[in-house]
Amino acid sequence: MATKIKLKTGEIRSVTCLRMGINGEGIATLERQIVFIPGLLVGETAQIEITEIHANYANAKILKRDDRSPDRVTPLCPVYSVCGGCQLQHMSYDGQLRYKEEMLRNAFLKSTKLNIEKADIRPTIGSKEWEYRNKSQFVVGKQGNEIVSGLYSANSNRLVAIDDCVVQNKDTLRVNQAVTKLLNDYKVPVYHAAKQDGVMRHIVVRTGIKTGEIQVVLVAFKDGFRDLEGLSRDIMDIPGVVSVALNINDKLTSRVFGEETEVLRGVERIEEEMGEFTYQLSPRAFFQLNPEQAERMYEEIARAAALTGEERVVDAYAGVGSIGLWIAKGAKEVRGMEIIEEAVEDANAHMKQYGFDHAHYVVGKAEAWIPRWVKEGWIPDVFIVDPPRSGCDTQLLNAMISSKAKKIIYVSCNPQTLARDCDHLMKAGYKVSYIQPYDMFPQTAHVEAIVVLEKKKKKKF
C-alpha cells in the first residue's frame, strides 16, 4: 500500500538534490517521499514550491537555488525553460555524459542481477553538442492571427513557437521558417484537435547532412487545401528543397504521421550518406536523427557482430535497413522486417543497390516473422534489434530465445525497457558481454546504448 504523502500543493520547502532522475530532473526527499525538481543538479540546495502531489512522489518548481554544482552552465537557448525539447542544457557536457552512463547502470542495477561492479559498462561516447539534428517535426498552431510552428511545452498543450533551435540543423530550421511563412501567406486553416476541424497539423523537414537535399512533409488532418498546387510550388522554390509531400493523419492521436502519403513535387526520396553507403529516404521512413553519431554506433555494431560469412542474421525493427547495410557484407544471409511499407521498399532498394542479393526485408512485426522462419527451418545465428522506446515485444524475446541464436545485439533508446528485456534474456541463458552507451541526443535526457548478449555455453561434465 502506498504511503500517504504529507506534503501539500503550494507548500514551500528547502531541499538538497541527491541524484538525477531518468528525465533529467533533480531528485530530493521530503517526509520520506521523492520529489522531482526540473533544473536542479546534484549537490545543489534550493527553495522549492510543491506543484503536484501523486501517490508515491511529488513534483516541484524552483523558487531559488544556490547553483553550487560544478556542472552548472548557462543554457544557450532563450526558450529552454519553456520549450520542453531539451532537459539538460543547464548541465556541462561532461556532466551529461556521466549522467547518461549512470542512468544505464541504475537501470540494470534495478531490473537485473547483473554484477554492476564487474560488468563491462563503458563510458558514454559523446557527439557534436549543437546543431546535430537532421529532422524537425514541429506542431502547427495559431498565436493570435498568426500561424506559428514549434513544440509543446513539457507536460502541456501550450505551443512554444520556435524561431531558432540550438540543436537543429540550420538548414532544417531555415526551411521550416519559410514553410511557416507560406502557410500564413496562403491562409491555410490550422488543425484544432478539440473540434476535429481545420487542416494543417505538422511541418516535417528532413535535411541530408552530407548531400544537402531537403525533404518537406506537410501533415494534414484532411486534404482541404484551397491552393495546394501553389503552396507546394512555392515550397519547392525554397533553396535546398527537392521534395514536397502531403501526409494525411485524420486520427485523434499524438503520432505525427498518418498512413496516407503523396509526393506532390520533386523526388520520391531524398539521399543521405553514412560511411560508404548512400541511403534513399521516403517521407515516413525512420532514419537516425544524428547521422554523424549513428556512423560510430553502426561501426561498433559491425565489430560486435564479428561476422565470418557463415551467419544468418535478423535485422529487426529495421527502418530503411540502415544497420543491415553495415553488416550485410559479412553475413551468409540477412532477413529483416519493419511495419512501414515504404521503409521496407527503401531497405530492399538499398540492398539491391549494393549487390547484397542475400539480404531481404519484409513488412510486418518481428514477433510474427521469426517463429514462422524458424518453423520453416531458417535458424538465425545473430539478432540485431533496434526497437522503439517501449522495447521488444515479449513474443519476440521468446522467439529469439527459442531460436537459440548465438548472439543478440540490442540497440536501445530507453534504459528501463532495455534492462527489463535484457533481464528476460539473461534468465533464459544469455550473458551480457558489454554495454556501450552513446549520446545520440546531446542536451536531452535520452541515451542510446548497444548491449551485446551471448548465449552461455553449456558446461561439460
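This is a predicted model: local features need pLDDT of at least 70, side-chain atom pairs count only at pLDDT 80 or more; totals for chains, interfaces and linings use all residues.

Visitor: Good. How many cavities of 30 Å³ or more are there?

Guide: The count comes to 1 cavity of 30 Å³ or more. The space in the largest cavity is about 40 Å³.

Visitor: Which residues line the largest cavity?

Guide: The lining consists of Phe 286, Tyr 298, Asp 315, Ala 316, Tyr 317, Ala 318, Ser 322, Ile 323, Ile 384, Val 385 and Asp 386. The elements giving two or more residues to this lining are β16 (312–316), α6 (322–328) and β19 (382–385).

Visitor: And how does the lining divide into nonpolar, polar and charged?

Guide: The lining of the largest cavity has 8 nonpolar residues, 1 polar and 2 charged.

Visitor: How many bridges join β16 to β19?

Guide: There are 4 bridges between β16 and β19, and the two strands run parallel.

Visitor: What about β19 and β20?

Guide: β19 also runs parallel to strand β20 (residues 407–412), with 4 bridges joining them. There, Ile 384 has Ile 409 in β20 as its bridge partner.

Visitor: What kind of unit do β19, α9 and β20 make?

Guide: Together, β19, helix α9 (residues 394–403) and β20 form a right-handed β-α-β unit.

Visitor: Nice. Switching to rings: how many aromatic pairs does a search of the whole structure find?

Guide: The search finds 8 aromatic pairs. One of them joins Phe 277 and Trp 326: their ring centres are 5.9 Å apart and the planes are at 65°, so this pair is edge-to-face.

Visitor: Why does 65° make the pair edge-to-face?

Guide: Because planes over 60 degrees apart count as edge-to-face, and the planes of Phe 277 and Trp 326 are at 65°.

Visitor: Where in the chain do Phe 277 and Trp 326 sit?

Guide: Phe 277 is in strand β15 (residues 277–281) and Trp 326 is in helix α6, 49 residues apart, so the pair links distant parts of the chain.

Visitor: Is Trp 326 buried or exposed?

Guide: Trp 326 has 17% relative accessibility, so it counts as buried. Phe 277 is buried as well, with a relative accessible area of 4%.

Visitor: Which ring cluster includes Trp 326?

Guide: Ring pairs link Phe 277, Tyr 298, Trp 326 and Tyr 354 into a cluster. Tyr 298, like Trp 326, is buried, and Tyr 298 is also among the residues lining the largest cavity.

Visitor: Last topic, the second largest pocket. What is its volume?

Guide: The second largest pocket has a volume of about 330 Å³. Of the 13 residues lining this pocket, Ile 22, Asn 106, Ala 107, Lys 110 and Gln 416 are the closest to its centre.

Visitor: Which element gives the largest share of the lining?

Guide: That is α2, which supplies 5 residues of the lining of the second largest pocket. By class, this lining has 7 nonpolar, 4 polar and 2 charged residues.

Key
Residues are numbered from 1 along each chain as its sequence is written. Side-chain values use heavy atoms; hydrogens and water are left out. On a 1 Å grid over the protein atoms alone, a cavity is a set of points where a 1.4 Å probe fits but cannot get out, and a pocket is an open set with protein on both sides within 12 Å along at least five of seven lines; lining residues have an atom within 4 Å of a point. Grid points are joined across faces, edges and corners, and a volume is the space filled by probe spheres set on the points. Ala, Val, Leu, Ile, Met, Phe, Trp, Tyr, Cys and Pro count as nonpolar, Asp, Glu, Lys and Arg as charged, and the others, Gly among them, as polar. Two strands pair if DSSP finds at least two bridges between them. A crossover is right-handed if, with the strands pointing away from the viewer, the path from the first strand over the helix to the second runs clockwise. Rings of Phe, Tyr and Trp (its six-membered ring) pair if their centres lie within 6.5 Å; planes under 30 degrees apart count as stacked, over 60 as edge-to-face and the rest as tilted. Buried means under 20% relative accessible area, exposed over 50%, partly exposed in between (1.4 Å probe, protein chains only).
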